[in-house]
Amino acid sequence: MFKRQKSLLSERKRELFFQGVSRSTSRNDLRSFHTLSQFVLSAGPLKSAPAPKHSKAAHFEIEILDAQTRKQICIVDKVAQSSTVHDVKQKFHKACPQWYPSRIGLQLECGKNQFPMFLAEYAGPLLIYLLFYLRVSQIYDVKESAGRLRHPVVHLACFCHCIHYIRHILETLFVHKVSADHTPLKNLIKSCALYWGFTSWIAYYINHPRYTPPSFGNRQIAISAINFLICEAGNHFINVILAHPNHTGHNACFPSPNYNPFTWMFFLVSCPNYTYEIGSWISFTVMTQTLPAGIFTLLMSIQMSLWAKKKHKFYLKKFNSCMHRKSAIIPFIL
């Protein structure tokens, strides 16, 4: 009897002990949960993991035109922003199977975003020079401007300067194919400051009442003016060829000269448009014999030489068979 009671008592104690332990553990759990909740509330609301955003890739539609007739061939749609020219050729081949990618030459057409930049660069110098030429009495001293007759080279310089920038404006509107990329405002300000600033400096010197004509007289003026007009004509014909290349046979070919003698400069240099441009400014400098024109010619020559070297390297990689014995901008020298 006593043994059974002792065993019952011991079992009873064990049950009470386990109940106490379970209660204490439950109380500890409640306390730990309470402290955890207080910590979470003090830390702020829980932030869910950001859901991955699916970036919407921009797609474009490209209109394929015939280079000669300017008629639409087809429209290639769903062209990704990261697509290359090869990708566009493959999509064009799928749309028009008769055109093989290896025999297609694609050229980027002009967008309207950069037209205001080039018009501002070229229209500004035109108007600034005319302002100095026509408003002499309002810019310079009234007595000096009224008492002296201007030399004929002053009128000729105004004519040549206007011809130069009018040609640039017309080519920008009707010849050149400008990239559709957005032009940063800094580049526009730098370009306008360069062209407008030097034009003001040049026009101030040439139209000044105390301007002295060239040292060698009319012979120097006449030869320089003729050379200036030749370079302007050559620059125009070169730009026309660059804008409308010959697409016979292999479309991707280096521009070749034609029956026009002004285009024969392609036999000697790879960037004849820069050659003619530098020639125009050298002729203008010799014709007017002014320091500002000489400084502007020097800076433009350096910049165009850098551009010509960069293009020449590109042409060497792409048209190695056509570029032998050619210089970049100055025949047999550079």
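Me: Is K310 buried or exposed?
Reply: This is a predicted model, and K310 sits in it within helix α10, residues 291-318. Exposed means over 50% relative accessible area. The relative accessibility of K310 is 65%, so K310 counts as exposed.

Me: What distance separates the C-alpha atoms of K310 and A328?
Reply: K310 belongs to helix α10. Along the chain, K310 and A328 are 18 residues apart. Their C-alpha atoms are separated by 8.8 Å.

Me: Which elements does the chain contain, and how many of each?
Reply: From the N terminus on, the order is α-β-β-α-α-α-α-α-α-α-α-α. The count for the protein chain is 10 helices and 2 strands.

Me: What share of the contacts with a separation of 6 or more is between residues 24 or more positions apart?
Reply: A contact here means heavy atoms within 4.5 Å. Among contacts in the protein chain with a separation of 6 or more, the share from residues 24 or more positions apart is 70%.

Me: What percentage of the residues is buried, and what part of the accessible surface belongs to carbon and sulfur atoms?
Reply: The protein chain has 334 residues, and buried residues make up 33% of them. Its accessible surface comes to about 22700 Å². The part belonging to carbon and sulfur atoms is 63%.

Me: Within what arc do the buried residues of helix α2 fall?
Reply: Helix α2 covers residues 85-95, and V88, K89 and F92 are buried in it. Seen down the axis of α2, these buried residues line one face of the helix, because they fall within an arc of 100°. An α-helix has 3.6 residues a turn, so residues three or four places apart point the same way. The arc for α2 is 100°.

Me: Which residues form the nonpolar patch on the surface?
Reply: The patch has about 700 Å² of accessible area together. One of its members is I333, found in the segment after α10 and exposed at a relative accessible area of 70%. The residues of the patch are W264, F267, L268, I330, F332 and I333.

Me: What kind of aromatic pair do W201 and Y205 form?
Reply: A search of the whole structure finds 15 aromatic pairs. The ring centres of W201 and Y205 are 6.3 Å apart with the planes at 80°, so this pair is edge-to-face. Both residues lie in helix α7 (residues 185-206), 4 residues apart, about one turn of the helix. W201 is partly exposed at 32%, Y205 is partly exposed at 40%, and the pair is edge-to-face.

Me: What are the ring geometry and the burial of W281 and F296?
Reply: Their ring centres are 4.7 Å apart and their planes are at 75°, so the pair is edge-to-face. The pair links distant parts of the chain, with W281 in helix α9 (residues 272-288) and F296 in helix α10, 15 residues apart. Both W281 and F296 are buried.

Me: Which residues does A120 touch, not counting residues up to four places away in sequence?
Reply: A120 is in helix α3, residues 115-134, and at 23% relative accessibility counts as partly exposed. The C-alpha atoms of A120 and I189 are separated by 9.9 Å, although the two are 69 residues apart along the chain. With those sequence neighbours left out, A120 touches P125, L188, C192 and W196.

Note on methods. Residues numbered from 1 in each chain as written. Predicted model: local features only at pLDDT ≥ 70, side-chain atom pairs only at ≥ 80, totals over all residues. Heavy atoms only, no water. Buried < 20%, exposed > 50% of the residue type's maximum accessible area, 1.4 Å probe, protein only. Areas by Shrake-Rupley, 256 points an atom, 1.4 Å probe, with all protein chains shown as cover. Arc of directions from axis to C-beta. Patch = residues over 30% accessible without salt bridge, like charges linked within 9 Å, V, L, I, M, F, W, Y side chains within 5 Å. Salt bridge = Lys/Arg side-chain N within 4 Å of Asp/Glu carboxyl O. Phe/Tyr/Trp six-rings, centres within 6.5 Å; stacked < 30°, edge-to-face > 60°.
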